[in-house]
Amino acid sequence: MIPKTFTQEILLNDGRSISLETGKLAKQAHGSVVVRMGNCMLLCTVVSNYYSGQVDFLPLTVDYREKFAAAGRYPGGFFKREARPSDGEILTMRIVDRVLRPLFPKDYHNEVQVMIQLMSHDENVMPDALAGLAASAAIQLSDFPFEYPISEARVARVNGEFIINPSRAQLETSDIDMIVGASADSVMMVEGEMDECSEEEMANAIKFAHEAIKDQIDAQIKLADAFGRKEVRDYDQSEENEDLQKQIHNAAYDKCYAIAKKGTGKAERSSAFSELKDEIKASFSEEELEENGDLISKYFSKVQKEAVRELVLSEGIRLDGRKTDEIRPIWCEVDYLPSTHGSSIFTRGETQALATVTLGTSRESNQIDMPSYEGEERFYLHYNFPPFCTGEARPLRGTSRREVGHGNLAQRGLKGMIPDDCPYTVRVVSEVLESNGSSSMATVCSGTMALMDAGIKIKRPVSGIAMGLISDGDRFAVLSDILGDEDHLGDMDFKVTGTSEGITACQMDIKIKGLSYDILVKALKQAREGRLHILEKLVQTIDQPNESVKAHAPKMINRRIPNEFIGAIIGPGGKVIQELQKESGCTIVVTEDPITEEGIIEILGTSPDGIAMVEAKIDSVTFKPIVGNSYEVKVIKTLDFGAVVEYTEAPGNEVLLHVSELAWERTENVTDVVNLGDIIEVKYFGIDSRTRKEKVSRKALLPRPERNKNSRNE
């Protein structure tokens with residue numbers, strides 16, 4: 001029997017629509033929904049265990065996968081099965097997780113799995129913009145304890161007009177590309193990139209997306225009501241002890257406030273708080289500690305947070321003694337590593353990033369192979385966050401989702417400044433060596449300097465800053481260049497990158513409800529002041545890109561040739577190009593431009609002589625003499641019926657100079673006129689109609705002897 005389905009439509013302002021459907025697929029999941037826009041279909045299922053794990057956090061897993069069958073394609077590689085998630089899938093997981101996680105109760109410790117799958121692809125629909133909507137709609141159909149529905153939408157600006165959920169083709173011409181996550185009342189998450197836009201323009205884009213999100217939330221509510229709302233499940237809620245909480249507050253608050261006010265470094269401050277916590281615990285008996293040890297630690301953390309926040313709000317003093325808009329001391333250095341193509345160190349307070357730049361050909365581009373997108377990146381950035389940078393020892397289990405996300409943010413902040421005519425594939429790697437405060441923004445700063453050190457002619461230098469917000473509803477303080485502790489205890493964490501002209505990328509996580517746009521714009525403007533301060537420090541270290549790449553770095557020459565010559569450059573079985581690479585010491589990459597129907601030859605090498613050798617070979621192969629023009633040639637072989645000559649401007653390009661074209665007089669022996677190694681001039685006549693071979697003539701450039709009128713009579 002066909003199951004009963006429930007469907008809800010969402011109309012976008014441009015006439016397109018999104019549908020939500022439930023009741024047909026995955027009915028054993030605790031909630032499932034199919035989201036469709038055009039031919040793009042996402043299936044989202046949510047399941048949560050009915051028992052609590054032995055953990056003190058929410059074990060939430062958001063998994064987003066794109067099935068190759070959705071686009072009628074096979075997975076690449078040897079094994080024809082989807083395997084580990086791509087960076088693109090991981091980034092989608094992160095933007096969904098960041099909006100969902102805060103809306104579960106803090107004492108809900110049951111494992112939750114949110115699984116989103118792209119089941120059908122539409123090239124005009126970007127599925128990542130629908131993932132948040134799918135996740136929230138599925139949760140609304142479940143019995144999970146969840147505060148309120150949310151959704152996410154992508155907003156782009158094309159030709160001055162905002163568009164919700166644009167196609168990839170529209171994104172290519174947009175100057176703003178952001179994904180916004182929000183509830184009906186509050187913006188919760190923003191991530192995206194811009195073409196040096198202003199703070200006001202960014203705020204307007206967020207507002208536009210928020211209005212569309214409200215319609216999506218309304219549709220979720222209607223779908224859940226039509227389907228039949230489930231009663232929220234019972235779960236093991238953490239016990240509270242108001243008397244104990246008050247006791248710890250009275251004992252610890254003033255001391256926490258005093259420690260915070262000292263303005264010490266991370267290690268000293270952590271040690272002081274730890275000693276105070278031990279002192280508080282020592283005031284309890286062993287029986288009390290055994291019974292309420294977890295609550296004591298929990299309440300102490302609350303007191304610590306409350307004291308630090310009040311210090312900021314009432315006195316404008318932060319944990320390390322800075323004012324709210326003060327940036328930590330900065331020092332920078334470039335050209336630190338002698339063998340890299342470019343390098344720099346950026347240190348801000350207790351955060352340090354070492355960036356390197358490597359230059360290569362299109363062969364080194366980052367290949368993207370997803371069902372929803374195939375392409376390549378000629379500029380990309382990798383971010384590494386080893387445990388020692390925070391003074392910890394942790395298992396090494398490969399690249400984390402956090403590393404992928406932070407690297408992508410830094411890449412988005414920098415990529416708009418790479419010139420369109422940059423001939424190289426550019427890879428930036430950021431090694432975070434110390435971290436207490438945003439290492440992703442330190443990566444942007446070190447990446448900027450390393451690019452300039454490598455001789456990449458970036459349009460403008462980029463700096464980045466991490467900002468925070470503390471508010472109690474009536475009072476608020478915007479914090480510039482936040483510490484790790486301030487990120488944890490604050491109400492908003494947002495990172496902004498940009499040039500002197502405007503914003504290039506941002507990432508925001510907003511933890512309080514009803515944040516006004518006035519406060520948001522104020523925070524963005526304070527961030528701009530901080531960015532410009534940091535930018536000044538970068539420019540003091542290196543004020544413009546180096547004139548050329550380093551002596552040991554490869555130089556890149558790009559040449560375009562008619563397609564007809566590609567085969568001659570490569571040779572049979574690649575023999576010509578392989579020998580040329582061996583002789584010149586250069587890397588040579590030949591590709592075809594499908595638009596111009598030209599061959600593109602990339603020559604990468606450290607030796608100017610080697611590059612010149614490759615260019616000479618290209619000139620020789622592609623040389624085409626013009627009919628009627630004269631050319632200098634060199635005799636390389638003599639025959640009974642003529643001489644083989646090669647054009648001096650195109651060595652290797654040979655033609656036969658027939659004996660009859662050597663001189664006006666009859667030539668008995670070729671060597672009577674020319675010998676091996678002689679340099680002579682010839683005129684080019686094109687293809688001879690009789691012999692169907694190229695014809696050149698020496699005698700055509702010589703004066704024609706006068707004819708003797710009496711010679712016949714004599």
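Arg-98 and Asp-509 form a salt bridge in this predicted model, with their closest N and O atoms 2.9 Å apart. Arg-98 belongs to helix α1, residues 87–100, and Asp-509 to strand β21, residues 503–510, so this pair ties together parts of the chain that are 411 residues apart in sequence. Both partners, Arg-98 and Asp-509, are buried.

Arg-154 forms a salt bridge with Asp-177, and here the closest N and O atoms are 2.9 Å apart. This bridge links distant parts of the chain, 23 residues apart: Arg-154 is in strand β7, residues 151–158, and Asp-177 is in strand β9, residues 174–182. Arg-154 and Asp-177 are both buried. They also take part in a network of salt bridges, whose members are Asp-128, Arg-154, Asp-177, Glu-193, Arg-412 and Lys-415.

Arg-328 sits in the loop between α7 and β11, and Asp-481 in the loop between β19 and α10, so the bridge ties together parts 153 residues apart in sequence. Are these two residues buried or exposed? Burial here requires a relative accessible area under 20%. Arg-328 has 5% relative accessibility and therefore counts as buried; Asp-481, at 2%, is buried as well. For the structure as a whole, the count comes to 46 salt bridges.

I move now to the nonpolar interior. In soluble globular proteins, nonpolar side chains tend to be buried together. The largest nonpolar core in this model has 159 residues, and those touching the most other members are Leu-100, Val-114, Met-178, Met-202, Val-426 and Ile-456. Leaving aside residues up to four places away in sequence, Val-114 touches Cys-44, Thr-45, Val-46, Leu-60, Thr-61, Val-62, Asp-63, Leu-100 and Ala-135. There is also a second, separate core of 18 residues, which includes Phe-623, Val-635, Val-674 and Ile-680.

Strand β3 contributes the most, with three residues. By type, the lining residues divide into four nonpolar, three polar and two charged.

Definitions and conventions: Residues are numbered from 1 along each chain as its sequence is written. This is a predicted model: local features need pLDDT of at least 70, side-chain atom pairs count only at pLDDT 80 or more; totals for chains, interfaces and linings use all residues. Side-chain values use heavy atoms; hydrogens and water are left out. Helices (H or I, at least four residues) and strands (E, at least two) are DSSP runs, numbered from the N terminus. Ala, Val, Leu, Ile, Met, Phe, Trp, Tyr, Cys and Pro count as nonpolar, Asp, Glu, Lys and Arg as charged, and the others, Gly among them, as polar. A nonpolar core is a set of buried Ala, Val, Leu, Ile, Met, Phe, Trp, Tyr and Cys residues joined through side-chain atoms within 4.5 Å. Buried means under 20% relative accessible area, exposed over 50%, partly exposed in between (1.4 Å probe, protein chains only). Contact means heavy atoms within 4.5 Å. A salt bridge is a side-chain nitrogen of Lys or Arg within 4 Å of a carboxyl oxygen of Asp or Glu.
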